[in-house]
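Please prepare a short briefing on the structure shown below.

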Amino acid sequence: MVGMVLVTVQLPPEATLAQAMRQLGLNEDEVDTAYGLVPLDPAQGLYALRVTEDAGDRVTPAAGGPFSDPPIEPYGPPR
Amino acid sequence: MRVLIQLRPSPDVVAAVAAPDLVATTADVTGELPGVALDHSFTPVALPQAQPATTGGDPLSLHQPLVFSMAPEEASVLVRGEISDDVSSARLALLPGRRMDVVGVYADPVIETSLTCGGTPPVGTWQDVARLLDVTRLRSEGYDGTGVALAVCDTGINAAHVTHQLGRDITIDGDRSWIPGGVSGKAGSFAVDHGTMCAFDALIAAPGASLIDVPVLLSRRPGGTAIDGLLSDAVAAFAHLRTVLEAQPGATRALVISNSWGSFSPAWDLAPGQPGNYSDNAAHPFNIIVGSLEQAGADILFAAGNCGAECKDRRCAYKGRPIVGANSHPQVLSIGGVDTNGERVGYSSQGPGRLSDRKPDICTYTHFSGSKAFGDDQPDSGTSAACPVAAGLVAALRTRWPASQLPPSQLRTLLHRTAVDRSDVGFDYDYGYGIADTGAILRVLERRAMRSPV
């Protein structure tokens, strides 16, 4: 796995990326800010963000992960 | 009919046919045979004589230990020809009596693999698929997808191409479509490609559905490759789709999501067993959001993949159990592929799945002439086509049965229970529960409607 990884974080409803970064001690160089903070399961207050591998290793266990972010491809036509 | 004729020519001819360094022809073996058009392109083949392995054995029994003799005095020779289909059985019986050197005449049936693989021509057309899905009945009973949101998560849709090929107008819901950051273009206006094929195929059963264009595979994020999207893009796309679902009135929620994509290789993933792994890990963020979106009322369909044992896609790199990650999620429908003859296509991935064993769930049709997105003579192929075909069927059913009245889990069970079992033993890893059966589905829904009117 190279590049960036996903981490998850518990936050209150309507949380922002800035809140997530503060909570995890992340700076802008370590975060894919264009990706932002993505709600995974609002009922559980669970969000995802995309960070560098080093940051992903550092912020756990305060955050969930780090999780792989593999490439995805269309399946067809069969080759 | 084509026949194989077993001859016993002179020993020197048999020896010549059997000799590896000589090439004997049919003309070397025999002159004309009455009523037979000999195939002179066929190289005669020497056939050994089966003999009892023990002294005193039955010379006419093959159900005993045998030895095989290629001695020129004992072996025979096969040539090929054709006889008239007119009273062919009589001709087969009479020929040995006309020529002393004819030992026997046998049918030479055509043998061929019926397996549909990548690169083989289309099997039927999208109109055949419509007939097999009984779209006429669906429409006559009000199941045409009208009012149903059908998201195609793929490479983007070219609406003009779909409209042209279908011969009717389609609806692209631009307001509810979602385009990843950094991707230029607007909903319904992307280049003709895989996503256009998927959109076309989804509309076969649900012509009235509103297509939500989600070109997630066009995204190019830092850390990705030049040719693929990333799973994080799909996470973001599904988060958007939940806002679409939650904006719908609770009583009439209907969102169907078609996904003809996946991950081919473990090389970009963490190993199974590691906490950050995707392929085998229900706790991965994408698998979490899939579950939460289904829980909120979305019907999520994934292609099973094109890693079937008989003719898998060369990109397939998993050693076994190729239905991975969300494609094997227990809360999605994992769709395998059959051709319009109802035979599983050789590339359709077989179970068990990694997140849940019983995958694929069901099969629908693929490898037919449809969208022509890849050329006029190219089929809509792969489980990539089967998945949106199934998604269209689900969208059609949602026209009258929103998630509030038939939750996604119950709809999956309905599709399982009504599928045409191809194995005669219930669920199997080739076809899942079988091939989707519109008639059986509608019969169950009719009974359900009578019990609790919609």
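Predicted model: local features only at pLDDT ≥ 70, side-chain atom pairs only at ≥ 80, totals over all residues.

Residues are numbered from 1 along each chain as its sequence is written, and chains are lettered from A and ligands numbered from 1 in the order in which they are written.

**Chain A**

- Chain A has two helices and five strands, where helices (H or I, at least four residues) and strands (E, at least two) are DSSP runs numbered from the N terminus.
- Read from the N terminus, the order of elements in chain A is β-α-β-β-α-β-β.
- Along the principal axes, the C-alpha atoms of chain A fill a box of roughly 45 × 30 × 20 Å.
- Chain A has 79 residues, of which 54% count as buried; buried means that 20 or more other C-beta atoms lie within 10 Å of the residue's own, with C-beta atoms placed from the backbone (exposed is 12 or fewer, partly exposed is in between).
- Of the contacts in chain A with a separation of 6 or more, 63% are between residues 24 or more positions apart; a contact requires C-beta atoms, placed from the backbone, within 7 Å.

**The sheet of chain A**

- Four strands of chain A make an open antiparallel sheet in the order β2-β3-β1-β4; strands pair if DSSP finds at least two bridges between them.
- Its edge strands are β2 (38-41) and β4 (64-67) of chain A, each of which pairs on one side only.
- From one strand to the next, the twist averages 30°.
- Strand β1 (residues 4-10) of chain A runs antiparallel to β4(A) and is joined to it by two bridges.
- In that pairing, Gly64(A) of β4(A) stands opposite Thr8(A).

**Contact between chains A and B**

- Chain B contributes 49 residues to the contact and chain A contributes 32 residues.
- On the chain B side, β11 (229-230), α8 (231-247), β13 (261-262), α9 (285-295) and α10 each supply at least two residues.
- The largest share of that side, six residues, comes from α8(B).
- The side of chain B that touches chain A comprises 20 nonpolar, 22 polar and seven charged residues; nonpolar are Ala, Val, Leu, Ile, Met, Phe, Trp, Tyr, Cys and Pro, charged are Asp, Glu, Lys and Arg, and the others, Gly among them, are polar.
- Strand β5 (residues 71-74) of chain A is joined to β11(B) by two bridges, and the strands run antiparallel.
- Ile72(A) has Gly229(B) as its bridge partner in β11(B).
- α9(B) lies across β1, β2, β3 (46-52) and β4 of chain A, at about 65° to β2(A); axes are lines fitted to C-alpha atoms, for helices over the stretch in contact, and angles run from 0 to 180 degrees between N-to-C directions.

**Helices within chain B**

- Helix α7 (residues 194-202) of chain B packs against helix α10 (residues 383-398) of chain B at an angle of about 35°, with the axes 7 Å apart.
- The residues of this contact divide into eight nonpolar, three polar and one charged.
- Helix α6 (residues 159-166) of chain B has Ala159(B), His161(B) and Val162(B) as its buried residues.
- These buried residues fall within an arc of 160° seen down the axis of α6(B), so they line one face of the helix; the arc is that of the directions from the helix axis to the C-beta atoms.
- The cover over the buried residues of α6(B) includes β9 (171-172) and α7 of chain B.
- Gly167(B), which follows α6(B), has a positive phi near 75°.

How values were computed. Contact = placed C-beta atoms within 7 Å.
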